[in-house]
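Colleague: I am new to protein structures and would like to learn how to read one. Could you walk me through it step by step?

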Amino acid sequence: KAERIEVLGPCQLGLPFEIDASTKVLRIENLRLSRLEYDGDARQVFIREVSGSVELTGKTDYDITLEGACARLDVNQFCANAIVRIADPAAYKAENNGRKCSIVYRRNGEISEEPLCTEGEQVISVSGIRSELVIDC
């Protein structure tokens, strides 16, 4: 198990690529790509300024921080939870594409009854089975 995996730019990758690993910290930043697929566990994930899509697939919980642009974030989990921390909920649209998955919105530590991410151009998606995605603003 790696302590840290970093995928750093500036870099432009036209083809999708996949990483199969296990780490404590995953850092992805300053990339122009079509798709990056990460299959494995990572306690903390930092994503900053990524023009394409990022897919995280695993059976463990993720604590994700999104800074700047990320065209699409797909969180695909089996019986796990993910927290996605974002600064601007208006920039995102949340999608639930899973079976028995849920999306919870939290603002300033309090659960929000209303969806906070509905019309942005960037997408945060949960898929998989029996997983929960918490969007923390």
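Predicted model: local features only at pLDDT ≥ 70, side-chain atom pairs only at ≥ 80, totals over all residues.

Colleague: Thanks, I will. Let me begin with the fold: how many helices and how many strands are in the chain?

Modeller: The chain has 0 helices and 12 strands.

Colleague: What radius of gyration would a compact globule with 137 residues have, and what does the chain have?

Modeller: For 137 residues, a compact globule would come out near 14 Å, and the chain agrees because its radius of gyration is 14 Å. Along the principal axes, the C-alpha atoms fill a box of roughly 40 × 30 × 25 Å.

Colleague: What share of the contacts joins residues 24 or more positions apart?

Modeller: Taking the contacts with a separation of 6 or more, residues 24 or more positions apart account for 37%.

Colleague: Now to charges. How far apart are the mean positions of the positive and negative charges?

Modeller: The chain has 17 positive and 23 negative charges, and their mean positions are 4 Å apart.

Colleague: How many salt bridges are there?

Modeller: To spot one, look for a side-chain nitrogen of Lys or Arg within 4 Å of a carboxyl oxygen of Asp or Glu. The count comes to 10 salt bridges.

Colleague: Please show me an example. Which residue forms a salt bridge with aspartate 74?

Modeller: The partner is arginine 72, and the closest N and O atoms of the pair are 3.0 Å apart. Aspartate 74 counts as buried because its relative accessibility is 8%, whereas arginine 72, at 25%, counts as partly exposed.

Colleague: Where in the chain are arginine 72 and glutamate 95?

Modeller: Those two side chains also meet in a salt bridge, at 3.0 Å from N to O. The pair links distant parts of the chain: arginine 72 is in strand β6 (residues 62-78) and glutamate 95 is in strand β8 (residues 92-96), 23 residues apart. Glutamate 95 has 21% relative accessibility, so glutamate 95 counts as partly exposed.

Colleague: Which residue meets aspartate 136 in a salt bridge?

Modeller: That is arginine 106, with 3.2 Å from N to O. This pair, too, links distant parts of the chain, 30 residues apart: aspartate 136 belongs to strand β12 (residues 132-136) and arginine 106 to strand β9 (residues 102-107). Aspartate 136 is buried at 13% relative accessibility, while arginine 106 is partly exposed at 21%. Elsewhere, salt bridges that share partners join Arg35, Glu37, Glu55, Arg72, Asp74 and Glu95 into one network.

Colleague: Is asparagine 108, with its phi of about 55°, buried or exposed?

Modeller: Asparagine 108 counts as exposed, at 68% relative accessibility. Its place is the loop between β9 and β10 (110-112), and its phi is positive although it is not a glycine.

Colleague: One last residue, please. Where is arginine 130?

Modeller: Arginine 130 is in the loop between β11 (122-129) and β12. With a relative accessible area of 47%, arginine 130 is partly exposed. Arginine 130 and cysteine 101 are 29 residues apart along the chain, yet their C-alpha atoms are separated by 4.8 Å. Beyond its neighbours within four places in sequence, arginine 130 is in contact with residues including Phe78, Ala80 and Cys101.

How values were computed. Residues numbered from 1 in each chain as written. Heavy atoms only, no water. Buried < 20%, exposed > 50% of the residue type's maximum accessible area, 1.4 Å probe, protein only. Helix = DSSP H or I, 4+ residues; strand = E, 2+ residues; numbered from the N terminus. Rg over C-alpha atoms; globule rule 2.2 N^0.38 Å. Contact = heavy atoms within 4.5 Å. Lys, Arg positive; Asp, Glu negative; His and termini not counted. Charge placed at Lys NZ, Arg CZ, Asp CG, Glu CD.
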